[in-house]
Amino acid sequence: MSPRRIRFYGAAGQIGTIAVTLLGLLLLTFFIGRLMPADPVRAIVGEDATRETYEQVYRSLGLDRPLWEQFFYYLGDVFTGNFGTSIRTGQPVIQDILHVMPATIELATFAILIGAGLGIPLGVLAAVNKDRWPDHVVRVFSLFGHSMPIFWTGMIALIVFYAHLGLVGGSGRMDQFYIGLVEERTGFLLIDSLMAGEMDVFWSAVNHIILPAALLGYSSSAYITRMTRSFMLDQLGQEYVTTARVKGLSRSQTIWQHAFINIRVQLVTIIALAYGSLLEGAVLIETVFAWPGFGQYLTSNLITGDMNAVMTCVLIVGIIFIGLNLLSDVLYRIFDPRTR
């Protein structure tokens with residue numbers, strides 16, 4: 001079989017896998033919406049509505065149809081970009097999500113930069129000093145990051161660094177004084193404030209994002225550190241490392257120019273998954289810091305029983321992970337020529 005045909009079948013198989021995954025995701029979100037104890041009709045009409053009003057809204061939502069028919073209507077709405085209207089805000093759900101998502105992306109991006117920037121060198125340090133004191137210190141450091149509940153560390157950090165020391169900003173994305181001073185163009189406050197030339201707003205935004213991003217970054221660095229250490233230990237035990245040292249390469253060259261290069265592909269996947277987890281897992285930290293992002297939006301709608309919003313959020317989280325896995329495959333081919 002020719003290489004071109006092999007690539008064609010490989011691409012077709014990947015597209016098929018994505019299609020099946022998306023269909024399964026849509027099935028999951030649909031049945032989550034139907035099995036949740038929240039009553040979407042009661043959330044719309046209120047507790048004091050008459051039986052006639054309840055039945056009318058029930059039929060208008062299509063809930064009187066068989067489940068299979070409801071699912072096909074749901075599929076049609078999703079593929080046409082109609083995710084329904086949020087009961088809580090009264091606006092299209094997708095419009096609400098597009099409004100809050102930049103805040104979460106901004107926070108998660110800062111956090112993954114901290115997490116990867118801290119976790120990768122610490123993981124390498126622990127691996128090259130296996131069973132010595134640097135290894136033990138790094139492992140304890142990562143254990144704390146993995147074990148401590150993020151909402152607890154968030155509250156403690158607010159009390160210490162904001163309330164007592166005054167080193168960082170408090171809740172929200174900026175000081176109350178600056179709200180409304182910058183026109184929302186991209187939704188990313190740091191970028192919008194720079195584009196508007198409002199440096200006071202920019203530094204206020206930086207002051208507010210430092211603490212939640214550092215806490216999320218520390219949490220993700222624990223995972224990245226442990227995986228980096230594991231990958232490096234595997235490579236350092238290979239024969240080519242011993243050969244490199246025998247040929248006269250320094251310890252630093254052997255570690256970074258040989259062993260570390262061979263774990264880049266694995267680290268790509270780890271960092272991509274960590275980033276996806278930050279995007280969908282920032283619910284608690286956004287709640288503690290009153291961060292107006294995707295996580296807080298999901299939490300608020302779960303409390304109010306707004307199933308249109310909840311189902312759309314679950315669907316978007318799944319799509320994010322599918323997209324990150326695709327990105328990992330592309331980066332695999334860039335970093336490892338053997339996969340091309």
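This is a predicted model: local features need pLDDT of at least 70, side-chain atom pairs count only at pLDDT 80 or more; totals for chains, interfaces and linings use all residues.

Residues are numbered from 1 along each chain as its sequence is written, and side-chain values use heavy atoms, with hydrogens and water left out.

Let's begin with charge pairs. Side chains of opposite charge can pair when their charged atoms come close. A search of the whole structure finds four salt bridges (a side-chain nitrogen of Lys or Arg within 4 Å of a carboxyl oxygen of Asp or Glu).

| Salt bridge | N to O distance |
|---|---|
| Arg-173 and Glu-106 | 2.7 Å |
| Asp-135 and Arg-229 | 2.8 Å |
| Arg-185 and Glu-183 | 3.9 Å |

Arg-173 sits in the loop between helix 7 and helix 8 and Glu-106 in helix 5, so their pairing ties together parts 67 residues apart in sequence. Helices here are DSSP runs (H or I, at least four residues), numbered from the N terminus. Arg-173 is buried at 15% relative accessibility, and Glu-106 is buried at 7% (buried means under 20% relative accessible area, exposed over 50%, partly exposed in between, with a 1.4 Å probe and protein chains only). Asp-135 and Arg-229 are both buried as well, and salt bridges with shared partners join Asp-135, Arg-139 and Arg-229 into one network. Glu-183, by contrast, is exposed at 54%.

Arg-173 also turns up at the second largest pocket, where His-99, Arg-173, Met-174, Glu-184 and Pro-292 lie nearest the centre among 24 lining residues. A pocket is an open set of points on a 1 Å grid over the protein atoms alone, where a 1.4 Å probe fits, with protein on both sides within 12 Å along at least five of seven lines; lining residues have an atom within 4 Å of a point. Helix 14 gives the most to this lining, with three residues.

On the surface, ten named residues, among them Phe-151, Trp-152 and Leu-284, form a nonpolar patch (residues with over 30% relative accessible area and no salt bridge, nonpolar side chains being joined within 5 Å). Helix 7 (residues 150-164) supplies the largest share, seven residues. Phe-151, in helix 7, is partly exposed at 39%.

Finally, Val-57 belongs to helix 3 (residues 51-60) and is buried at 16%. Its C-alpha atom is 6.4 Å from that of Val-41, 16 residues apart along the chain.

How values were computed. Patches are made of residues with over 30% relative accessible area and no salt bridge: like charges are joined within 9 Å, nonpolar side chains (Val, Leu, Ile, Met, Phe, Trp, Tyr) within 5 Å. Accessible areas come from the Shrake-Rupley method with a 1.4 Å probe; for residues, only the protein chains shown count as cover. Helices (H or I, at least four residues) and strands (E, at least two) are DSSP runs, numbered from the N terminus.
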